[in-house]
Amino acid sequence: MKKRLCLLLALAGLVFSCSTEEEKIVEINVFDFTATINENPKNGNTIGFVDGSTNSGDLAFSVISQNPEGAFNINSSTGELKVADENIFDFEINPVITGVIKATSEDVSKNINVKINLNDIDEITVSVTDFSTSIDENPENSQLIGTVEASTNQGELTFTILEQNPEGAFAVDTATGELSVLDKEEFDYERNPIITGIIEVVNGEVDEVLNVTIDLNDLSEPITLENVAGIGGSGYSGDGSVAVDAQLNYPRHMVFDDAGNLTFADEKNNVIRKIDVNGIISTIAGTGNAGYSGDGDLAALAELNNPRGVEIDAAGNILIADSGNNTVRKIDASGMITTIAGTGVANFSGDGGEAKYAELNRPRGVHVDIQGNIYIADTNNHRVRKIDNNGIIITVAGNGTDDNRGNGNLATDASLRAPYDIVTKNNTIYIADITGGDVRKINPSGIISTIVNGDGVRIIGSPTAMDFDDNNNLYVTDLGGAIFIINSSEETRKILDDDQLYPGGIAFDSNFNLFFSDTFNSQIKKIDKVYLPD
C-alpha cells in the first residue's frame, strides 16, 4: 500500500522521502541476579556479573538501591558487582544483602533484582589478656619473665613487640609468647621500677594487642664502698700526692666541676681542697689557719674559718660557705678570692640590699640554680636566703624562728630548724633542715611543705647535704650513718645504713658514681654506679 501511494504521488509531480521499513523498537532482556558467597570478603572482591542484553548498542548499569546501603558497587559497562564495604558482608549482621540495578539502553531501561546470600563460615578469633607480673630487680639476660596469655580457635599465633619502655628491655618469642630479659641493665629498680610494653598477637589477618607491665622488686643490694681520700683520723697532709694517702679533718660539702675534679670543704683544716681526675689532692683556698683575711688576693693565701659549703657556678667560680666567718666567699677563674655576702658579723640584716653588706649567721650550705641565683643556708638565722644576679639579697624561706611549722603557707612565713643545704630542681627549692630532721620543699608559687618526716615520724635523723641524679631522684645524706633516696613520687628509701659512717656531703660524677664525705672519719668514699640514667 505504501509503495502504491508513493508511486501516485510521484506521478503527480510531488517529491517525498518515504520510509520503506517499520521504525526499530529498542528491546532489553535482563535476569534477576542471585549469588552465594562466603562472608568476610575483602573490598574490591568480585561478587559476579549481572546478565542482560539489548538489540541496540550496549547496556549501562547503575545501582538504584541496596540494603544495607553502600554494600556493593557495579561497573557501569560490564555489570560486574564488587564488594564496596567489607564490614557489611558479615553473616552475623547481614546474612542476605539485596539491591536493585538499572540496565539502560538509549531511553529504555529495566530493573534487575539483586540478592546476595552469605555463607556463615568458621571465622578466626584471637583472644588476649593483658600481661602483668613482678620480678626481682637485677635478673640475668635471657631469664624468663613469663608467658603472655593468648588463644585462637584455629591455626597458630605470632607475637610481636610493638613498643616498650624502656626500649630494648625485654624480648618475646614470636611463636610461644614467652617474655625474657633482653637488657639486664634496664631491670634496675633505681632506674626503672616499672617496665611496660605493647605486644601484637596475629593469626592471619586477625590481630589483637595486649599491654605488658613488669613491676620490679627493690632488693637490698650489697654496696661496695671505695675510699678515695683520707687515711682516717684527723690531720692535714698529702698535698701533691694521691688523695687516699692524705689526711683530712672533717670533710663536708663537695662538688664536681665539668672537668671531673672534686672540690670539697675540709672544715677543721680551714681549707678548700681539690682532687683532680688522676686522684692527686691539693689545697686551693686557705692557709690552714682559722681566720678571715685575703680578699683581693690569691685564695691559697687567704684565711678561712670552718668552711662548710662549696659550689661551682656556670662560669667556673667556686663559692664557699665560710661558716665561722659568717660569709659567702668566691674564688674566680684567676684564683682570686672575695667576699660576696656577709660582713663577718653573726647576725641577721640586709634583705633588699647588696649581699656584701648583709649579715649572716653560720651559713652551712651554698647552691647556684640554673638562672645563676645563689642560695645560702643561713643556718643559725633559720632562714634560706637568695642573692640575685644583681647582688641583692632576700629571704626566701624562714621567719627566724627555730621550729618546723608553716606548711601550706608562704615559705617566708614558715619556721625552719637550722637549714644545712639547699638544692633546686624545676623551679622548686629543697631544704635539708637538720635539727628537725626534715626535707622540705618550696614550690614555684612560694608555698612550703615537708616531704620527709612531715608525718612526725623521724625517718632521716640529721639531713646535711643533698644532690639530684639525672633521673630526678633526690639523694640526702644523714650524718647518723645513712644515705636516703627520694624519688619523683616523694617515696623515701634508704640505700646506705652503717652507724660507723658519718655522711656529711654528697656529689655525683659524670659516670653516675656517688661520692660522699665520711665527715667524722675524715675520709671521702665512693659507691659505684648507684643509678643509670633513663
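I take two strands as paired if DSSP finds at least two bridges between them. Strands themselves are DSSP runs (E, at least two residues), numbered from the N terminus.

**Entry 1: basis.** The model is predicted, with local features needing pLDDT of at least 70 and side-chain atom pairs counting only at pLDDT 80 or more, while totals for chains, interfaces and linings use all residues. Residues are numbered from 1 along each chain as its sequence is written, and side-chain values use heavy atoms, with hydrogens and water left out.

**Entry 2: strand S18.** I looked up the partners of strand S18 (residues 206–217). Strand S11 (residues 131–136) pairs with S18 in the parallel sense over six bridges. In this pairing I find Thr-133 opposite Ile-214. Strand S17 (residues 194–203) pairs with S18 in the antiparallel sense, over ten bridges. Ile-214 is here the bridge partner of Ile-195. The hairpin of S17 and S18 has two residues between the strands, and Gly-204 in this hairpin takes a positive phi near 65°.

**Entry 3: two open sheets.** I noted an open sheet of four strands with antiparallel pairing, in the order S28-S29-S30-S31. Strand S28 (365–368) and strand S31 (393–397) each have a single partner strand, so one side of each is left without a neighbour in the sheet. The twist averages 25° from one strand to the next; axes are lines fitted to C-alpha atoms, and angles run from 0 to 180 degrees between N-to-C directions. Within this sheet, I find five bridges between the antiparallel strands S29 (residues 374–378) and S30 (residues 383–387). Asp-378 has Arg-383 in S30 as its bridge partner.

S36 and strand S37 (residues 474–478) are antiparallel and share five bridges. Ala-465 stands opposite Thr-477 in S37.

Entry 4: Grid points are joined across faces, edges and corners, and a volume is the space filled by probe spheres set on the points. The structure holds one cavity of 30 Å³ or more, and the largest cavity has a volume of about 40 Å³. Its lining consists of Arg-252, His-253, Arg-308, Arg-364, Tyr-420, Thr-464 and Gly-504.

**Entry 5: Ile-442.** Ile-442 is in strand S34 (residues 438–442). Its relative accessibility is 3%, and it counts as buried; buried means under 20% relative accessible area, exposed over 50%, partly exposed in between (1.4 Å probe, protein chains only). Beyond its neighbours within four places in sequence, I list contacts of Ile-442 including Val-396, Ala-411, Ile-429 and Ile-448, where contact means heavy atoms within 4.5 Å.

**Entry 6: backbone checks.** I found the peptide bond from Asn-67 to Pro-68 to be cis, with omega near 0°; Pro-68 lies in the loop between strands S5 (60–67) and S6 (72–74). The bond from Asn-165 to Pro-166 is also cis, with omega near 5°.

Asn-270, although not a glycine, has a positive phi of about 60°, and it is buried at 7% relative accessible area. Asn-426, also not a glycine, has a positive phi of about 55°, but it is exposed at 62%.

Key:
On a 1 Å grid over the protein atoms alone, a cavity is a set of points where a 1.4 Å probe fits but cannot get out, and a pocket is an open set with protein on both sides within 12 Å along at least five of seven lines; lining residues have an atom within 4 Å of a point.
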